[in-house]
Amino acid sequence: MMKKIVLIPLGFILLLIASVSVFLLLKAHQVDAGRGEMNRLLDGTVFPKLLNVGTVENLTILPLIDYYTDDKNLATEAGVSYLVKADDRVILMDVGFNRDGVHPSPLLRNMKALNVDPGRIDMIFISHIHPDHVGGMAEMKKGEFSLSRGPVSLGKIPVYSPGPLIPSKWNPGPEVEIIAGPKVIAPGIVTLGVIPRYLYFFGKTDEQVLAINLKGRGIVLVVGCGHPTIERIIERTKMLFDRPIYAIVGGLHFPVKGGRSYMGPINVQYVVGADRAPWNGLDERDLDSAIGAIKKERVRALSLSPHDSSDWSMEKFMRAFANEWRFLKVGREIVL
């Protein structure tokens with residue numbers, strides 16, 4: 001029996017191509033306008049120096065969720081969650097992806113394996129409201145954050161978010177404070193405030209960075225994705241502090257020549273994470289600019305997340321900062 005062949009009219013194909021082309025061109029124009037607006041906004045933003053913020057004497061950062069690990073018993077994913085211990089304060093920065101919406105989530109499983117008690121967390125710091133940082137796509141769409149899709153006891157702790165956000169029904173109790181400008185959230189612990197960027201897919205994206213004033217060393221920056229660019233993050237840091245930048249830990253979003261999330265042949269992180277159209281998106285020049293900006297600050301330690309950067313990009317950073325480089329892997333504590 002012969003199979004019936006369905007022919008698609010040429011006119012329909014041409015109409016589809018024309019519609020997609022018009023959409024992409026309109027989107028590119030929108031992104032160009034958004035990028036210009038964000039640049040004007042940031043160029044006109046001035047904050048006074050932060051005085052008497054206090055210091056932290058002991059600082060460790062334990063990746064709970066990220067893309068690589070040396071321990072086969074720990075889960076990995078293209079998301080972020082770090083446990084920051086600053087003296088006696090325990091900060092959970094971001095809550096991972098939990099792409100499959102399971103309970104216990106990869107984050108919760110890793111917490112148990114690493115003897116991290118959610119009930120002993122003092123505060124939660126959300127870098128930005130993207131699915132790989134708030135616990136999933138459904139969470140982002142509902143304006144929620146969730147450590148898992150099952151019960152997690154957290155208590156009435158503060159949550160610092162760069163935009164409207166509520167705890168999910170699975171982890172009730174925390175109280176959200178929306179952050180706009182720079183703020184001291186504990187002695188020696190500061191949010192740089194929102195640094196916006198207009199991204200191709202997500203539109204205006206507000207991201208905040210955690211800055212810790214490490215006694216005798218300088219400012220340690222803990223970054224979620226680095227969507228504002230490291231250049232803008234450094235600019236904001238120097239605006240607020242007279243102290244040097246001692247270390248940078250976290251993601252800088254360089255899915256150049258590869259990535260962690262694909263839809264068929266499409267490098268999804270490359271498409272969604274830049275403020276230019278995909279055909280004129282992130283490239284080696286952007287990466288070289290970031291390397292130059294960090295070198296200028298003479299940082300003493302650099303530990304970058306592979307969750308949103310390609311192996312090719314990570315290799316370039318590692319070669320450029322051979323003496324300062326520290327691998328960022330789930331379960332490997334970074335002591336600063």
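Student: In what order do the seven strands of the open sheet stand, and what is the pairing?

Tutor: The order is S8-S6-S4-S3-S2-S1-S19, and the pairing is mixed. Strands here are DSSP runs (E, at least two residues) and helices are runs of H or I with at least four residues, both numbered from the N terminus. Two strands pair if DSSP finds at least two bridges between them. The model is predicted, so local features need pLDDT of at least 70 and side-chain atom pairs pLDDT 80 or more, while totals for chains, interfaces and linings use all residues. Residues are numbered from 1 along each chain as its sequence is written, and side-chain values use heavy atoms, without hydrogens and water.

Student: Why do strand S8 and strand S19 stand at the edges?

Tutor: Strand S8 (175-178) and strand S19 (334-335) each have a single partner strand, so one side of each is left without a neighbour in the sheet.

Student: How do you know that strand S3 and strand S4 pair?

Tutor: S3 (residues 89-93) and S4 (residues 123-125) share three bridges in the parallel sense, and the rule asks for at least two. Ile91 stands opposite Met123 in S4.

Student: What makes Leu10 count as exposed?

Tutor: Exposed means over 50% relative accessible area, buried under 20%, and partly exposed in between (1.4 Å probe, protein chains only). Leu10 has 58% relative accessibility, so Leu10 counts as exposed. Leu10 lies in helix H1 (residues 10-43).

Student: Which residues form a nonpolar patch on the surface with Leu10?

Tutor: Ile13, Leu14 and Ile17 do, and the four have about 380 Å² of accessible area together. Accessible areas come from the Shrake-Rupley method with a 1.4 Å probe, and for residues only the protein chains shown count as cover. Patch residues have over 30% relative accessible area and no salt bridge; like charges are joined within 9 Å, nonpolar side chains (Val, Leu, Ile, Met, Phe, Trp, Tyr) within 5 Å. A salt bridge is a side-chain nitrogen of Lys or Arg within 4 Å of a carboxyl oxygen of Asp or Glu.

Student: Which residues of helix H2 are buried, and what covers them?

Tutor: In H2 (residues 106-113) they are Pro106, Leu107, Leu108, Asn110 and Met111. The cover includes strand S1 (59-65), strand S2 (81-86) and S3.

Student: Why does the radius of gyration agree with a compact globule?

Tutor: The globule rule is 2.2 Å times the number of residues to the power 0.38, with the radius taken over C-alpha atoms. For 336 residues a compact globule would have a value near 20 Å, and the protein has 21 Å, which agrees.

Notes:
Contact means heavy atoms within 4.5 Å.
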